[in-house]
Amino acid sequence: CSSLQSIVIPNSVTKIVSGTFRGCSSLQSIVIPDSVTEIGWYAFYECLSLQSIVIPNSVTKIGREAFHWCSHLQSIVIPELVTKIGNCAFHGCDSLQNVVIPESVTEIGYSAFSSCKSLQNVVIPESVTKIGYSAFDGCESLQSIVIPDSVTEIGDSAFHACKSLQSIVIPDSVTEIGREAFRGCSSLQSIVIPNSVTKIVS
């Protein structure tokens, strides 16, 4: 489907199954109806021309690598019924500048936003308890991030190579910081590790 540029999904569809639009490199716009509740694995993998997409509030699940390598995607609003952002869901979305994570999300999967080189700011909601490994790995434009008191674990390489990150506050709720969590954060000037941390993996 390398020549497909736009598509309107009918209201009869409830799930965009795995790999449905994988490799549709010319796809620029798509309308997802309110009937859809799930976006499957690799659903929009390597849709290189996709610049924006509106995910309806009916969606409760975004599968792994759903938007992997959508390199022109600039912004995304995650619906309020989603509880987990799938592994590698937005990996390699080079142009992604803004992302809104709702209060419903409890887990950010591994490499969920890794290599999102244009992402500058992100607010993690109070509902999140775990930041998966490599979740923001290689987000070299990320300047600030707020980690809420709900987070107990920061995974391996979670913020690896976030070259623009200058400061970060780790809340008292965190008990474990994974291996190389902040390695390569060359602009990081200060970090406060709370007394609640019992394990820093080397």
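Which two cysteines form a disulfide, and how far apart are their sulfur atoms? The partners are cysteine 1 and cysteine 24, with their sulfur atoms 1.8 Å apart. The model examined here is predicted, so to speak of local features a pLDDT of at least 70 is needed, side-chain atom pairs count only at pLDDT 80 or more, and totals for chains, interfaces and linings use all residues. Residues are numbered from 1 along each chain as its sequence is written, and side-chain values use heavy atoms, with hydrogens and water left out.

A disulfide is a covalent bond between the sulfur atoms of two cysteines. In this analysis, a pair of cysteine sulfur atoms within 2.5 Å is counted as a disulfide, and the count comes to one. The link of cysteine 1 and cysteine 24 is left-handed, with -95 degrees about the S-S bond. Distant parts of the chain are linked by this pair: cysteine 1 lies in the segment before β1 (6-8), while cysteine 24 lies in the loop between β2 and β3 (29-31), 23 residues apart. Strands here are DSSP runs of E with at least two residues, numbered from the N terminus.

The two partners also have their own surroundings. Accessibility is described with three words: buried is under 20% relative accessible area, exposed is over 50%, and partly exposed is in between (1.4 Å probe, protein chains only). Cysteine 1 is exposed because its relative accessible area is 51%, whereas cysteine 24 is buried, with a value of 0%. Cysteine 47 is in no disulfide, and the nearest cysteine sulfur, that of cysteine 70, is 5.1 Å away. Cysteine 47 counts as buried because its relative accessibility is 0%. Cysteine 162 is likewise in no disulfide; the nearest cysteine sulfur belongs to cysteine 185, 5.1 Å away. At 0% relative accessibility, cysteine 162 counts as buried.

Attention now turns to the interior. A nonpolar core is a set of buried Ala, Val, Leu, Ile, Met, Phe, Trp, Tyr and Cys residues joined through side-chain atoms within 4.5 Å. The largest nonpolar core has 61 residues, of which Phe44, Phe90, Ile108, Phe113, Phe136 and Phe159 touch the most other members. What does phenylalanine 113 contact, leaving aside its neighbours within four places in sequence? Its partners are Ile78, Ile85, Phe90, Leu96, Val99, Ile101, Ile108, Ala135, Phe136 and Cys139, where contact means heavy atoms within 4.5 Å.

Strand residues come next. Lysine 15 is found in strand β2 (residues 15-16) and counts as partly exposed because its relative accessibility is 40%. The C-alpha atoms of lysine 15 and glutamate 38 are separated by 4.9 Å, although these residues are 23 residues apart along the chain. Isoleucine 191 belongs to strand β16 (residues 190-192), and at 36% relative accessibility this isoleucine counts as partly exposed.

Tryptophan 69 sits in the loop between β5 (61-62) and β6 (75-77), and is partly exposed because its relative accessible area is 31%. Glutamate 180 is found in the loop between β15 (176-177) and β16, and its relative accessibility of 35% makes it partly exposed.

Key
Helices (H or I, at least four residues) and strands (E, at least two) are DSSP runs, numbered from the N terminus.
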